[in-house]
Amino acid sequence: STPPSPPGIQSATRVATEGTTRHTKEMDAVMTAYGRGGTLGGMCAAALVTLFVFLPASAGGKGFVLFSWHPALMAFSYLGLMGGGMLAYVAPPVQKKASRESHRALQILAAVVAALGLTAIVLNKLKMGKSVIPHTKHALVGAASLVGLVLQVFVGLSKYNETLRRGFSGFKFHGNAGRLTYALGAAAICLGLVAVFQSWLLWVSILVTVVTSILVMLVSVRVYPGGSAFGFRYVNVNAPATARSNNI
């Protein structure tokens, strides 16, 4: 039989295990906090953009015009729901099943809200007798993001069903493709704001959109404020517990 380890080695092993557990819990807390914070920040950014869009129309006595629903719904779709869906996986690994369900639900809802936003602008253009074919920078970038969103929904559902059936799936590009789609959506929002606002509302809205989207992108790849010499750190959630604890 294997002889017992000397007391000194047992004590060192116990201390190392306790340290690893403590650091892993700290990392899980950091992941959860930044995930929830990023989601809340995205919703607040969408609400602020919506407020800035509707206030001028209301002040001018126009009420909630049809056009105003387009930027409002798109802001909630991308900055709020899609951003939240991306950050659903920024949670402790033990919550992966729940995170997958949250991600699926939020991204499907984001697609539905985006479809409503697209409907609003198409109906508004038809009402005004304008062409619905994209030709401006905002329209072209927005169209690209919508195509990406539709493709991502189909790929995501295929990935989800394959995971349920086989326990694993391919489509490893899905995550990065989603970040690209989100970035295109944020860029389209900024380009659209330039066309809508001509005052300080423009710069505040763009600043909020840019800062929110950058933070969501960083947190989605596990790069958190407060780490290295550049002010960020990378946490690899797929690494073993011991290696993961070294990232705290």
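Colleague: How do helix 2 and helix 3 run relative to each other?
Modeller: Helix 2 and helix 3 are roughly antiparallel, because their axes cross at roughly 165° and angles over 145 degrees count as roughly antiparallel. This is a predicted model: local features need pLDDT of at least 70, side-chain atom pairs count only at pLDDT 80 or more, and totals for chains, interfaces and linings use all residues. Residues are numbered from 1 along each chain as its sequence is written, and side-chain values use heavy atoms, with hydrogens and water left out.

Colleague: Within what distance do the axes of helix 2 and helix 3 come?
Modeller: Within 8 Å, with helix 2 covering residues 69–87. Axes are lines fitted to C-alpha atoms, for helices over the stretch in contact, and angles run from 0 to 180 degrees between N-to-C directions. Helices are DSSP runs (H or I, at least four residues), numbered from the N terminus.

Colleague: And how do helix 3 and helix 4 pack?
Modeller: Their axes are 10 Å apart, at an angle of about 155°. That makes helix 3 roughly antiparallel to helix 4.

Colleague: New topic. How many salt bridges does the structure hold?
Modeller: Two, where a salt bridge is a side-chain nitrogen of Lys or Arg within 4 Å of a carboxyl oxygen of Asp or Glu. Glu101 pairs with Arg104 at 3.3 Å, N to O. Glu162 pairs with Arg166 at 2.4 Å, N to O.

Colleague: How far apart in helix 4 are Glu162 and Arg166?
Modeller: Four residues, about one turn of the helix. Glu101 and Arg104 are three residues apart in helix 3, so about one helical turn separates them.

Colleague: Is Glu162 buried or exposed?
Modeller: Glu162 is buried at 12% relative accessibility, since buried means under 20% relative accessible area, exposed over 50% and partly exposed in between (1.4 Å probe, protein chains only). Arg166 is partly exposed at 44%. In the other pair, Glu101 is partly exposed at 29%, and Arg104 is partly exposed at 31%.

Colleague: Which residues make the nonpolar surface patch?
Modeller: Leu66, Trp69, Leu123, Leu126, Val132 and Ile133 make a patch of about 550 Å². Patch residues have over 30% relative accessible area and no salt bridge; like charges are joined within 9 Å, nonpolar side chains (Val, Leu, Ile, Met, Phe, Trp, Tyr) within 5 Å. Accessible areas come from the Shrake-Rupley method with a 1.4 Å probe; for residues, only the protein chains shown count as cover.

Colleague: Where is Ile133?
Modeller: Ile133 sits in the loop between helix 3 (96–128) and helix 4 (137–166). Ile133 counts as exposed, at 56% relative accessibility.

Key: Helices (H or I, at least four residues) and strands (E, at least two) are DSSP runs, numbered from the N terminus. Angles under 35 degrees count as roughly parallel, over 145 as roughly antiparallel, 65 to 115 as roughly perpendicular and the rest as oblique.
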